[in-house]
Structure formats: structure tokens, C-alpha cells
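Please look over the structure shown below before reading on. The briefing that follows covers the confidence of the model and some of its salt bridges.

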Amino acid sequence: MENTAAVSTLKESAHADWPAAMRKRIGWHSHAIACRLAAAADEEAVDAMLLALDERLSSMGWTGSGAALHVATVAAPSASAAALQQRTREMSRPLPHGTAQILRATLLRYVDGQRDLILVGDRTVLDQDALQRIARYCLSRDGAPLPIVQRHMPRPSAADIDVFVHADVSPTFEWDGRGTRQAGQSVVEIDADAEVAPAYWLAALGWALSCFHGKPSPAVAILQEEASHGSELTLGATGFRLASLLSTGNADVSHVLDHSRAQLTNAMRYTESLRSMLNGKSEHPVDVGVGVIFPLPVPHDIEGIADMDYLPCSSAMFPITLVVRNRGSSRLTCHFDGAMYSAPSIQWLLRCVVHACRQLQGSDAARLVDVELLSPDVRGEVVALGRSNRGRTPDSHRIESAFGLVCARQPDAIAISFDDEELTYAELDRRSSGVAAALAARGVISGSFVGICLERSAAVVVAMLAVVKCGAIYVPMDPAYPHERLEYTASDAGLTLTITDGGSFPDVAGMAVTTIEELAREADRCRPWQAAGGADSDAAYMIYTSGSTGRPKGVLIPHRNVIALIDATREGLELSPRDTWTLFHSSAFDFSVWEIWGCLLTGGHLVVVPHWVSRDPEQFRELMGRKSVSVLNQTPSAFYQLIEVDRRAPVSDSLRLVIFGGEPLDARALLPWFDRHPESRCRLVNMFGITETTVHVTWQEVRRREALGASRSVGTPIPGWHLYVMDEQQRLLPPGVPGEVYVGGAGVALRYHGRDDLTQSRFMPDPFQKGIMYRTGDRGCMLANGTLEHLGRLDNQIKLRGFRIELDEIRRVLLAHDAVRAAAVLFNQPNQGDPASARIDAYLVAEGATVEDMRAHVARFLPEHMLPSTFTFVSTMPLTTNGKLDSKRLPPPDLSVPVAPSAVDSAVQPLSAMEEMMRSIWQDVLGREIGADENFFDLGGNSLLAVRISAAMRKQGLPPLPMRDLYTHQTIRKLVAALA
């Protein structure tokens, strides 16, 4: 499996500078042993030996064990959970703050007479072997003093101590019954089958980390505890070896194992003091978040000790600190930062490491890419994570029959309104039946493809309902589409008839063109419409989508998918006849399928938004208030513009639900909305979906906490839908590992129209249950809690100077800057014959940021070959008719270092007083010198800036600016002439 993304999906949140964070951590430097004393052990003798040891340490400039054995009584039997908790707490309690103490000794007495001696040592001075020797020394019967040799270990200054130890506070741990401690610093343990050599663990860890984190050669810090020879107790800094683990997918397993062995044996020159490593004074400063400790086997033959346990670290020395114990079998213990990682995520990581290690040991895989992360016995758990509760079984209805039931319940309720026109459910049913009869008279039969190319109005819904009543399939087209695209769609679909507004439509052989008015007149002469019948598995509509695979392709969606979508979301979104929805989007955009049928099949009132009102956030806000809209569906880009308008005049209090779809959501941009609209009054729900899976797949309620955390989650599947994340070999991936998203269940489309090859490559048998799944081409990561993180498109990659680059990765880094509200990243090659002209251009909506700021920011996270060449600031991102980013309308990239704008020469044709006033307004809004004949959109203008221009004009006493005029007359001279 190849993974090119350099983003960690295992992390819940990331520290930009983990060494700084680790320096503030309590107890990173402490480790401990616990000895269950034999019955004959003499406490007074132990105390005396500790006093002697302390005197010897003090003579060398160290504070040893506090000059006394601390004794505590535990009011519980030694085998009880309370005793285990107290023992763990004492082992995890770090050494005190503000002193040079390197050892603490505590004796725990239990009510059943058992006793534990706890020794906590400073790892930077006493290693594991030293702690074990001290325990042996304290419990020796002859009481002979143990010589101590200081080895290159100067006593730290008080300033050094203060840097590393900030408080003498014992972390509180809770036990979940499985031996797992949950706290700010948490521990997860897992057992392996047999004792495994360290090289295998390193190779397995490297492969798992590269998959989880997307880094082909992850770096780790290795600590191999070693027993000293002879009888002397030595003081010396614990050393870590810095290693880069080879994990290239195509590498031979034997080569990977040889590399791991070399890292263990030949990296001594990288040995560093942990204290030096973390305070930045290391000769080889480490920049990794993973450490691996191979402790010594714990001895069980020391006189006076019945049993011994070793805790390698009181808290995570690194964000992830993996401890590998070997004693006949292997046990992995992972100490991790609970603020950065979740316990289930770490559990999955360890399970993958263990399974990979088994395969490496068994030599089942020739190449590293053949090593699977998931064992067969846990795949069912992963499948279950991507499957929601089914909920109630959808009714076996077609769209027209489900509409008929609603109509029978509330015939006089308003179904649709457009401008001053209103249709009740009974009137909509009657009109659509008349048009259906006229269509049938024209030869439209079950399975026919009928085009609908109408401006937004009630007629669009009348036509759709009429087509499905005939048993036919409607093919929506946007009149704003180019002539060539309309011609291609009509020809490819094999349309027999297209309903238009009477304007020009391309001539296509075998296709007739009519209007809704003509069909309505013909209906009077036709026999009343009779139900055509048909099955819920028949196609209801076909929407063309360009996707990323070349020419547009038609996606066939059956009636049952639409019914299942409404049934799956009705209860969770509390959809009811009390709701008023907007039809905001073009009928050729599948978001409109949800708007139209989601409203009408739940008995709501559908307000059709005129095209120019949808482009004007001010007018749209006013329409929402006038119609008391309660359910709003928006692309995030369109909603960001509404947020800007809402700053000046809040939207109606009637709004209770906003549903996002169509493109990724930047949750942080919603914070201004939450400042003005309580979560309890208006819900925000992010829904990820694809045309081929019937509009929506997952849902995620977005609250302030998700916005503050910049959540990328798109939630869990809606009832009846399910999803998997797989690698390039279509192997199921564990939670935390990014891969390609596959969707199965109730929403999968029938096929691509006339594209059998593409259908076979995208629609394939579901390997985990009966049915078909769709290969989305989207990149995502399933988290351990069952939610999906959407990570962009797999095909949004470029190759620049030999490097494969994911543009979405650069965009995510840009969005991580506090000042950035929106970002787009494009690949451009102005001179097609010169590869040297190729570059990455970044576009940003940001407040208070400069080009220099952004260059410094991305340089912190991205390698040189991924750094954008240009940074161009815009006030908002331009949108397509579907409300998505319109990259074609982005301004040319800013290729120069920002300088004061030069004056624009307008002397050739003098400006009138109104033109001068308008020019001043444009310059204030656009932030640059403007010529009277420069195009508004070429200057980076968009609908949001147009709204600001309109507001500035009102303040100046100028006439109001209809958005239609600005889109039609795009220069100052033309606009002033039109207004005059």
C-alpha cells in the first residue's frame, strides 16, 4: 500500500512543537520498580540501607532517597483493585519539583500483611539496571555497601531542573477493568503470541506508522536498556538512538529487517541524553513523536523479593512511547498523550503492529506492501464501524406514489411558491398529471429519457413530477450551461423530448423540444393521466456529472434510493409538514434532489429561489425572512457569504436547520455564526455525499466545539448507508489509516448511462454483504469512533519536478493558519512548452495576514517542493452556479512582491462625478487602484464584494445596486450608465 499524504490521521490534535510540550510534561523523566517483599524481608534493614545509600549519593552532590523510607498503609488486600490502583499511582508519581533528588523509596503495607517496595528514579541519572541493583542492594542480608561510580554526569543546575519538572502532582488514573489507565496521560496494553526480536518490532512499527501517519520513513527514538557488568552501580544519562525506519512499500522484507537491525546496532553515535534531546541542546535534535523502549527482563531471583514489576516511564516521554517487554511472550505497552490521541486509536495501532510483526516473522510477505495491517478476525469490527443502524425499512414506493400519499393527507397545504405564485399539493398534483397526460400523448413511455432545461420556477417541479408519473426518467439541465454541453448531454442521454422555457436549445437528431405551457394546453385535449405503474427499482432521474475522469457521464438513480434517503433522515432531522425549505440550487446539481423531494415527501413548503436572488445574499436573506424559512441547504462557500450578510442583519429566527453539502466544510469559518445564533435554536449539519450514492452518505452535527477544533469529520453513515476505507489493493484499512472511500447500501446508483467500462470499474460487488458498493475516488480516514474524516480527492494530484503532490494537503496546511478563512490551491503552467514555468498558486481569504506570513507558515509544515510559488489574497472565493468553488474566476496569481498600487491613467476619457464616486467605492472594497473600464470580476470581484459595494453605495446616497446589473455591466462606466 502506497501512502503519499504527509498528514497524521492518528492524531486527534497536533502539537506544532512537541519537544516544547514534552518539557512541560510532569514526570517524563521518572521510572519505577515495584518489589513484592518476601516474608522474611526486614523493613528496618531496608531503611538503614537506604540511609547509607543516601549518604553516599549526598557526598557526590546528589540528593538520594530523601534520607528515609516513606511508609504508607493501604486499607485493602494486596490483590484488590484498590491496592493495584494505589501501587500504580505511587509508581507513576514523579519526583518532587525544585530539587536534585534522583531516588525516592516508598513502602506500601496492605491489610493482608503483604508489602511492596516502590523505587522511583530519575531516568536521566539512573537507568533500569541501576534501579534493580539498588533494590538488590537494599534487600541484601549482609548489608554490604555498594560502590558507586559517577560517569560523566554533572549535577544539573536549579534552572535546568525548573525547565523540566513543573509540579509535584500525581496524575489521577481510572481503571476500566481491563488494566487500561485513562487520564491526560494514558496507557494501552496488548499481548503478542511469543517473544519477538526487537528488529521485527521496529520493522512492524515502521510499516504501521507509515500507514497511519503517511510518512514513508518515520523517525523514532530507540532506548535499549542494557545491564552493566560487574558489581558497580553507575550514574549516567539514559541514551536514545535516533532511527529512521525503512517502510517503502516496494522494499523487500529481508532488506527492511536488515535495516532495522542496523538501526539497533550501528546508531550508537546518535546516543543522546533525553534531557539534552528535549531542551534542544542535543547535537542531533530529534523531531519525532514516537519513542520505543526495550527494557531489560525483570529478574525474579533476587533474594528477599517475591516479585518485581517495572514501569519504564511515569508519563509519555514522547507523544507516543511504546514499551516492548519480552519474557517468554511479548507485551506491548503504549504510554501516550491523551490530549493528542484517543485510547481506541492507539489500540488499533498496536493491533496492527502485532499483526504486521507476525507476518514478518513468518516470512509470508516478500515485499512490505504485502504485509496487511488487519488480521481476519478483526475485520468484522472495522466493517461494523462503517455501518450505521439500519433504522426502519424504507417503504416500497416510487416518488409519485409517495407524493400521492402526502397529497391525500394535506391537499390544501402549500407545496410550492415562486415569486407571487403558490401551488397547493392538490394543485401541484393536478398540474403534473395534466402534463404527464400530454407527455404520454407525445409518446413518452416507461424508460424514456426526458430532458428538463428550465429556469428556476414552480414549473421545474411540475415537469419532474410529470415525467416520473409517466414512468420515464427526467434529465435535468441548467439553461446557463454552454451550448456544447447541452448538446452533448441531450445526444448522450438519447433524449426523445426536452422541456424548455422556449428559448433556443441545440438541435439533436430524434429529439423534440417543447415548453411547459405547450404541454399544459395539450393536456386539455388528452385523456386523463393514468398511473403508468413500474417498480421502485426503476430509474427516476439521471444527472450528468463531470467528476474527474473526462467527459460528463450520466448517473442513473432509482426511485427507491430517493425514498430511502428521505426515510433515513426524516426522524434524525425532524422533518415535518411544519417546515419551509428553499430550492436554492440548480436542478442539474444533485443537491436539488434533496431539496425538492426532501421537502415535498415530508409535506413541507418549498420556496423556489429565483436565480438572481440566489446570487445576491442580501436579497436571499430578505426572502428567507419573508417566507419564514426553517430548513436551508447550502454549499459551505454559499453559506460563508450569508454569514457576511448576517453580520449586518441577522437571518430570520425561523431558521432551525442548515444542511451543508456539495464540498468540504471549513468548520472554523462558522464561529461568527455561533456568536449570533445559539446551537439550541439552529442546528448545523454537515453531510458528505456523492451523486452516485444519492446525494448524501454521512451526517455530522457541527457545534461550536467542532468549529473550534477545526473538525474535518463528516460524521457517520445515515441509516441504510455504509462505507469502507480501503487501500490500493482493496484491502480493508484499520481506523486511523487513510485510504479510498467505498460506499455501499441503500444509496448506490444503478450505473453510468452507456459507460459499461466505467460502471464496472466504479460499481463493484460489496465484499462484506450482499449488494453493490461504489468506489468514490475520495480519500478518507475512518476514526476509531466510527466517524469519517474526508481528506479530499485521490485524483487531485500533480507531478512537479518528479514529485507527486496532493494539492489538498497544501490547502489543509494553509487553512491551519489562524488568519485564513478559506483557501484554494491550483497548479498552473503558463508556458506549456517549458516545464520550468510550472508552479503552485495559492489563493487565500485571510484577515491580517501577509505573503511573508504565509510563506513562513507553510515552510514550517511542508517540504520545499510543495511550497506554493504565489500567494494571492481575495476577499471571498467565487462560486459556480452550483455554489462550488469556481477556479476559472479566480484572479491571475500575484506574481510580484506586494508594492503600492500604481495609479491608473483615466485621462483619456474623463470621469463623471458619479463615476468618480463609484470608482472610489470600488477601490475601497477591492483594496487597489481601479480603472473605469476594468472588469469587476477580472479584478477578483465576486458576489460578496458586490454586496459590500451595494452597502457602500447606500451609505453614499446612491441608488441601490441590483446584483443582476453588476453581473451584466461589469465595469464602472457601463454600470453607471445602466444605473442612470
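A residue is called buried when its relative accessible area is under 20%, exposed when this area is over 50%, and partly exposed in between, as found with a 1.4 Å probe on protein chains only. This is a predicted model, in which local features need a pLDDT of at least 70 and side-chain atom pairs count only at pLDDT 80 or more, while totals for chains, interfaces and linings use all residues. Residues are numbered from 1 along each chain as its sequence is written, and side-chain values use heavy atoms, with hydrogens and water left out.

**Confidence**

- The protein chain has a mean pLDDT (the predictor's confidence in each residue, from 0 to 100) of 81, and 82% of its residues reach 70 or more.
- Among the helices (DSSP runs of H or I, at least four residues) and strands (runs of E, at least two), all numbered from the N terminus, confidence is lowest in strand 6 (residues 174-175), with a mean of 30, and highest in strand 26 (residues 605-608), at 98.
- Residues 1-9 have a pLDDT below 50, and beyond near neighbours in sequence this stretch has 47 contacts (heavy atoms within 4.5 Å) in the model.
- The pLDDT is also below 50 over residues 11-19, a stretch with 24 contacts in the model beyond near neighbours in sequence.

- Side chains of opposite charge can pair when their charged atoms come close.
- The whole structure holds 42 salt bridges, each being a side-chain nitrogen of Lys or Arg within 4 Å of a carboxyl oxygen of Asp or Glu.
- Glutamate 381 pairs with arginine 351 in a salt bridge whose closest N and O atoms are 2.8 Å apart; this pair links distant parts of the chain, since glutamate 381 lies in helix 10 (residues 379-385) and arginine 351 in helix 9 (residues 343-362), 30 residues apart.
- Glutamate 381 counts as partly exposed because its relative accessibility is 38%, and arginine 351 counts as partly exposed because its value is 24%.
- Glutamate 740 forms a salt bridge with arginine 775, with 2.9 Å between the closest N and O atoms, and the pair links strand 33 (residues 739-745) to strand 36 (residues 772-782), distant parts of the chain, across 35 residues.
- Glutamate 740 is buried because its relative accessible area is 8%, whereas arginine 775, at 22% relative accessibility, counts as partly exposed.

**Other salt bridges**

- Aspartate 886 and arginine 889 meet through their side chains in a salt bridge of 4.0 Å, N to O, and both residues are buried.
- A network of salt bridges links Arg36, Arg87, Asp116 and Asp309.
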